[in-house]
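Student: Please take me through one part of this model closely. I would like the aromatic ring pairs.

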Amino acid sequence: MRFKFAIPALLLEVIIIVLFGIFVEYDKESISDHLYPHFQDVHVMIFVGFGFLMTFLKKYGFSSVGINMLIAAFGLQWGTLMQGLWHMKAGKIHVNFKSIINADFSTATALISFGAVLGKTTPIQMLILTILEITIFACNEHLVTEIFEATDVGASMTIHAFGAYFGLAVALVLYRPGLNNKHENDESTYHSDLFAMIGSLFLWLFWPSFNSAIAPDASSQRIAIINTYYSLAACTIITFALSSLVDQRGKFSMVLIQNATLAGGVAVGTCADLPIHPFLAMCIGIIAGIVSVLGFHFLTPVLASKLHIQDTCGVHNLHGLPGILGGIAGIIVTAVKGGTRDIPFTPGKQAAALGSTLGIALAGGALTGAILKLPFLGQVSDQHCFDDSVYWEVPEEENAHEIHSNNPDEHSRFEAAV
């Protein structure tokens, strides 16, 4: 473990530092200084929100938060380079607040995919996934925004749908028959679910900043914040109501409250900055909540049993389906509203953006899964899935080891008695 992870990780970081030294410089004429509060919010979402949302597994909390931090720290550097390549000036990548927000956005795709394979991959596999996914994401984002000239300010398509279906394709290729019968560690406890709820609340509170951070002007930014605000609120009420309805005892499900309450923020993202009425934003949130809850309740078991897609965190229901819904909402809104600002958004361009995103995500995810499956990268055994102790020093185990080492005679007598 020491050399299998440490040497590749150090080598990758050295490569990134060299590339930064050659290509990256400050944007001295930046006009994005007003975006720092938005950057703070997005940064908290990436490191705290996503990290703690995945702590629901009872013995995988260290990995959920820790590897999330590893992926994010590596991904924001790689994302700066990959996205910057499309916007170089005089052979240099100019960094400012907008570029580091976009770097965080690119990292979000890898974190979403991480949720689909949570507990079943190694740290080095996740670094490789991050490199490949962010590279492909940057290409798709350029295709959507520059070639198709589609609008997707909150990245319902380019981040959420892309990250979800990329991760699902990886999970399909890395399918583990041994996990068909539920693993003993693939479940939550009271306290692990409480920690996951902390992540959900951070995401819920800061989602308006996520959807409005890269809006083209102050007016669009204000509209995006308000639309996201009301979409999330409506989605939350519907989620609580449906959570009670689908349960035979009429009780709330913490899994649904942690995840489906966020679907409204995902779904309204594509058209968040367009001049739609708050009423329509709330309708999008309501539909997103319904789709997400029903997805968790009915679709997830089908994906696992029929299609062999073992989606640990249910990213299909939080990011995938609401992301597609956001893309469809963008098509409808642009068809009704017509062109806005200087770029004439059209339903055809929006549809092309959604289709290309899904196709590239599935193909890229399948290719990445095939690479991660190469024998020399190593695999976690089915027995050790969802277990922090494989890669982390776990306090309970250390204490147990110290007790045994401090009482060798007593331990020997016990073994002799047995």
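Are W207 and F210 buried or exposed?

Tutor: Both W207 and F210 are buried, that is, under 20% relative accessible area, where exposed means over 50% and partly exposed lies in between (1.4 Å probe, protein chains only). The model is predicted: local features need pLDDT of at least 70, side-chain atom pairs count only at pLDDT 80 or more, and totals for chains, interfaces and linings use all residues. Residues are numbered from 1 along each chain as its sequence is written, and side-chain values use heavy atoms, with hydrogens and water left out.

Now the rings. Rings of Phe, Tyr and Trp (its six-membered ring) pair if their centres lie within 6.5 Å; planes under 30 degrees apart are stacked, over 60 edge-to-face, and the rest tilted. The count by this rule is 11 aromatic pairs. One of them joins W207 and F210, tilted, at 5.9 Å centre to centre and 45° between the planes. These two residues sit three apart in helix α7 (residues 190-212), so about one helical turn separates W207 from F210. Helices here are DSSP runs (H or I, at least four residues), numbered from the N terminus.

F240 and F252 form an edge-to-face pair: 5.2 Å centre to centre, 80° between the planes. This pair links distant parts of the chain, 12 residues apart, with F240 in helix α8 and F252 in the loop between α8 and α9 (254-259). F240 counts as partly exposed because its relative accessibility is 32%. F252, at 54%, counts as exposed.

Elsewhere, ring pairs link Y36, F39 and F97 into a cluster.
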